[in-house]
Amino acid sequence: MTKQEFVNAYATKTKQTKKASGEQVDAFLQTLTEGLVEKGKVAFMDNWSLEITSTNERKGHNPATGEEITIPAGKKVKFKASKNFKNEVLG
């Protein structure tokens, strides 16, 4: 589902205009991003959570040349689904 398809579905469910729904979706995404930057975690209990985690430096291989490389330490966003969410999505 694309963002536009999501906005259209949201507009239908909430009986709002697509413009108003698009503004709400944008505000949600901006707030979600700000929460991750400021707090490092955003959790919707009984649904899912997003959390920034650190990764360690590790060894890898360049797929084109097979050469061993060092992948530097960094950060990633970890998604964790609740049991209820998994049951809803996966059946």
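Buried, as used here, means under 20% relative accessible area, while exposed means over 50% and partly exposed lies in between, with a 1.4 Å probe and protein chains only. At 0% relative accessibility, S21 counts as buried. The structure is a predicted model, in which local features need pLDDT of at least 70, side-chain atom pairs count only at pLDDT 80 or more, and totals for chains, interfaces and linings use all residues. Residues are numbered from 1 along each chain as its sequence is written, and side-chain values use heavy atoms, with hydrogens and water left out. Helices (H or I, at least four residues) and strands (E, at least two) are DSSP runs, numbered from the N terminus.

**Helices**

- Helix α1 covers residues 3-14, twelve residues in total. From its first C-alpha to its last, α1 reaches 16 Å, close to the 16 Å expected at 1.5 Å a residue; the expected span is 1.5 Å times one less than the number of residues.
- α1 is followed by K15, which lies in the loop between α1 and α2. K15 has a positive phi of about 55° although it is not a glycine, and its relative accessibility of 77% makes it count as exposed.
- S21 is found in helix α2. Not counting residues up to four places away in sequence, S21 touches V7, Y10, A11, T14 and Q16, where contact means heavy atoms within 4.5 Å.
- Q24 also has its place in helix α2, but Q24 counts as partly exposed, at 35% relative accessibility. Leaving aside neighbours within four places in sequence, Q24 is in contact with Y10 and Q16.
- Helix α3 (residues 83-90) is hardly covered, and the count of buried residues among its eight residues is zero. Just after α3, G91 takes a positive phi of about 90°.

**Strands and their pairing**

- Two strands pair if DSSP finds at least two bridges between them. Strand β1 (residues 41-44) and strand β2 (residues 48-55) pair in the antiparallel sense over four bridges. Within this pairing, L50 in β2 is the bridge partner of V42.
- β2 also pairs with strand β5 (residues 74-81), in the antiparallel sense and over eight bridges. Here S54 stands opposite K75 in β5.
- Strand β3 (residues 58-61) and strand β4 (residues 68-71) pair in the antiparallel sense over four bridges. The bridge partner of H61 in β4 is E68.

**Hairpin turns**

- β1 and β2 form a hairpin with three residues between them. D46 has its place in the loop between these strands, and takes a positive phi of about 65° although it is not a glycine. At 56% relative accessibility, D46 counts as exposed.
- The hairpin of β3 and β4 has six residues between the strands, and G66 takes a positive phi near 80° there.

**The largest pocket**

- A pocket is found on a 1 Å grid over the protein atoms alone, as an open set of points with protein on both sides within 12 Å along at least five of seven lines; a cavity is a set of points where a 1.4 Å probe fits but cannot get out, and lining residues have an atom within 4 Å of a point.
- The largest pocket has a volume of about 260 Å³, a volume being the space filled by probe spheres set on the points, which are joined across faces, edges and corners.
- F6, Y10, Q24, V25, F28, L29, L32 and W48 line this pocket. α1 and α2 (18-39) each supply at least two residues of the lining, and the largest share, five residues, comes from α2.
- The lining divides into seven nonpolar residues, one polar and no charged. In this grouping, Ala, Val, Leu, Ile, Met, Phe, Trp, Tyr, Cys and Pro count as nonpolar, Asp, Glu, Lys and Arg as charged, and the others, Gly among them, as polar.

**Positions in sequence and in space**

- A43 lies in strand β1 and is partly exposed, with a relative accessible area of 41%. Not counting residues up to four places away in sequence, A43 touches W48 and S49.
- A43 and K59 are 16 residues apart in sequence and 32 Å apart in space, C-alpha to C-alpha.
- Q24 and E68 are 44 residues apart along the chain, and their C-alpha atoms are separated by 46 Å.
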